[in-house]
Amino acid sequence: MNVSHAPRPHGVMARRTLASLASLAFAAGALASALATSPLTAQKAPSIPHEKYTLPNGLEVILHVDRSVPIIAVENFYKVGSGDEKKGRTGFAHLFEHVMFMGSENVPVGKFDEWLEAAGASNNGSTNFDRTNYYETGPSNALPLMLWLDADRMGWLLPTMDKEKLDLQRGVVQNERRQSYDNVPYGRAFETILPVMFPANHPYSWPVIGSMADLSAAALDDVKDFFRQYYAPNNATITIAGDFNTDSVKAQVTKYFGNIPRSAQPVVRPTVPAVRIAKDTVLVMEDKVQLPRVYYAWHGVTAFSPDDAALDALTDIIAGGKSSRLYRTLVYEKQIAQDVSMGNTSQKLDGLIMLSATAKPGVHPRELDTEIRKTLNDIATSGVTDRELTRVKNGMRASMLDRLSSVLGKATQLSYYNYYTGNPDYMAQDLARYERLTAADLQRVAKQYVLQPKIVLTVVPEGKKELALTATQGGNN
């Protein structure tokens, strides 16, 4: 299950002389520079008009009418992710994402996809620490089929759940783990960092996909219990966006979902104490790689907490793209790194700030470390420039607007905001968090977070531990 990206548009270039091409390139560059470093013209904050209500069985329903094209998107959002698992029972949330496509009482194996495709629709799903979602998009006349299929697997999957289906999808997930973690260069880096960053009983101390041992040990009764607890209407939200009649859709939702019983006991999401790293922790991992790569990880903040937006902006300025400070320094100017990136990930229970950089052939990671620590100290000491702050604000606005370019994007945002803030139409407030950021805000969070103790992991080629950063090199800034 994955998310695909739209292809880049193709165009035709008319013949031009070299002189005219150079002139156009200069003008385009000047325009791009001006747009990137000047505030965008003020415009009304975006909104997603919607109606939200709850069925008697606890199912949340969010409706957004968009008649611009005869397309419908349906998202089933279950409030369960790997963060709801327990030690020794990891990987269940992601495993169940796969099992949900294996048919239900009235839908034979393979027919879920087949019937949707016959109607011109498509579907997929994804799992993270906090939630699991399933979605369909297609022509608006396919909506009754989408709703019926989703309701059948929510309410009547267990009667058809057997060991053969479990073993089949267990094998699929285990193979996915091999391809994404075990047999891919640098694939085990994230998994190596998590148990050091979080205590053993913390639900973020293992990756979403779970451990191979836990997946192998998962019994049929374990999986059924997981379904009974979390895959109930009172732990789910269904969001419908697109071209539909509100009254008829409400009647269909009640018809298909209304008689699914709620779970016997309310779902209680784990609560955990705040976690901090007491001192720098330096790790080394040998792997089948050609070049050493260094990772830096800090604790961040929970989603939508006060410093969340500032950390997004800070990490973007430091190493969020080709215009970032570290990309210019390490890749363009000094040419000592193949790549560098940094991001802030905020979830329900905690946040993670991570920076990574891959050394060029013949370059020791200590050269990267020197420049990285210099950049972090410089921002903490002198702050960011007005140009950098304007660029990141413009980028955040463009990114948010892009999420509203399709009915599926709108459905996803409504579900996301509803879960994390309680308000499906939180786009304006979300954007405002970034637009009111100041250079002082970013300088403060630089001092407060990325100058604090961290985890430093160097992934080195097998047999070349001498390429790893030492405690001295990877120490406090």
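Which residues in α10 meet which residues in α11? The first legend below answers this, and the others turn to further parts of the model.

This is a predicted model, in which local features need pLDDT of at least 70 and side-chain atom pairs count only at pLDDT 80 or more, while totals for chains, interfaces and linings use all residues. Residues are numbered from 1 along each chain as its sequence is written, and side-chain values use heavy atoms, with hydrogens and water left out.

**View 1. Helix α10 (residues 308-319) packs with helix α11 (residues 325-333).** I317, I318 and A319 in α10 meet R325, L326 and Y327 in α11, where contact means heavy atoms within 4.5 Å. Helices are DSSP runs of H or I with at least four residues, strands are runs of E with at least two, and both are numbered from the N terminus. The two helices pack at an angle of about 20°, with their axes 3 Å apart; axes are lines fitted to C-alpha atoms, for helices over the stretch in contact, and angles run from 0 to 180 degrees between N-to-C directions. That makes α10 roughly parallel to α11, since angles under 35 degrees count as roughly parallel, over 145 as roughly antiparallel, 65 to 115 as roughly perpendicular and the rest as oblique.

**View 2. Helix α10 also meets helix α16 (residues 439-450).** Their axes come within 9 Å and cross at roughly 85°, and α10 and α16 are therefore roughly perpendicular to each other. A310, L311, A313, L314 and I317 in α10 meet D441, L442, V445, A446, Y449 and V450 in α16.

**View 3. Six strands form an open sheet with mixed pairing.** The order of the strands is β1-β2-β6-β3-β5-β4, and two strands pair if DSSP finds at least two bridges between them. At the edges stand β1 (51-54) and β4 (122-127), each with a single partner strand, so one side of each is left without a neighbour in the sheet. β1 pairs with strand β2 (residues 60-65) in the antiparallel sense over four bridges, and E51 stands opposite L63 in β2. Helix α9 (residues 246-257) packs on this sheet, touching β1, β2, β3 (71-78) and β6 (236-242), and the direction of α9 makes about 155° with that of β2.

**View 4. T239 has its place in strand β6.** With a relative accessible area of 0%, T239 is buried, a word used for values under 20%, whereas exposed means over 50% and partly exposed lies in between (1.4 Å probe, protein chains only). The side chains of T239 and S415 are joined by a polar contact of 2.7 Å, that is, a pair of N or O atoms within 3.5 Å; within protein, one must be able to donate a hydrogen and the other to accept it, and residues adjacent in sequence count only if both atoms are side-chain atoms. Leaving aside residues up to four places away in sequence, T239 touches I62, A73, V74, E75, A411, L414 and S415.

**View 5. Helix α2 (residues 92-99) is largely enclosed by the rest of the structure.** Eight of the eight residues of α2 are buried, and these are F92, A93, H94, L95, F96, E97, H98 and V99. What covers them includes β4, β5, α5 (163-182) and α8 (220-230).

**View 6. Strands β9 (residues 337-346) and β10 (residues 351-359) run antiparallel.** Nine bridges join the two strands, which form a hairpin with four residues between them. The bridge partner of D339 is T358 in β10.
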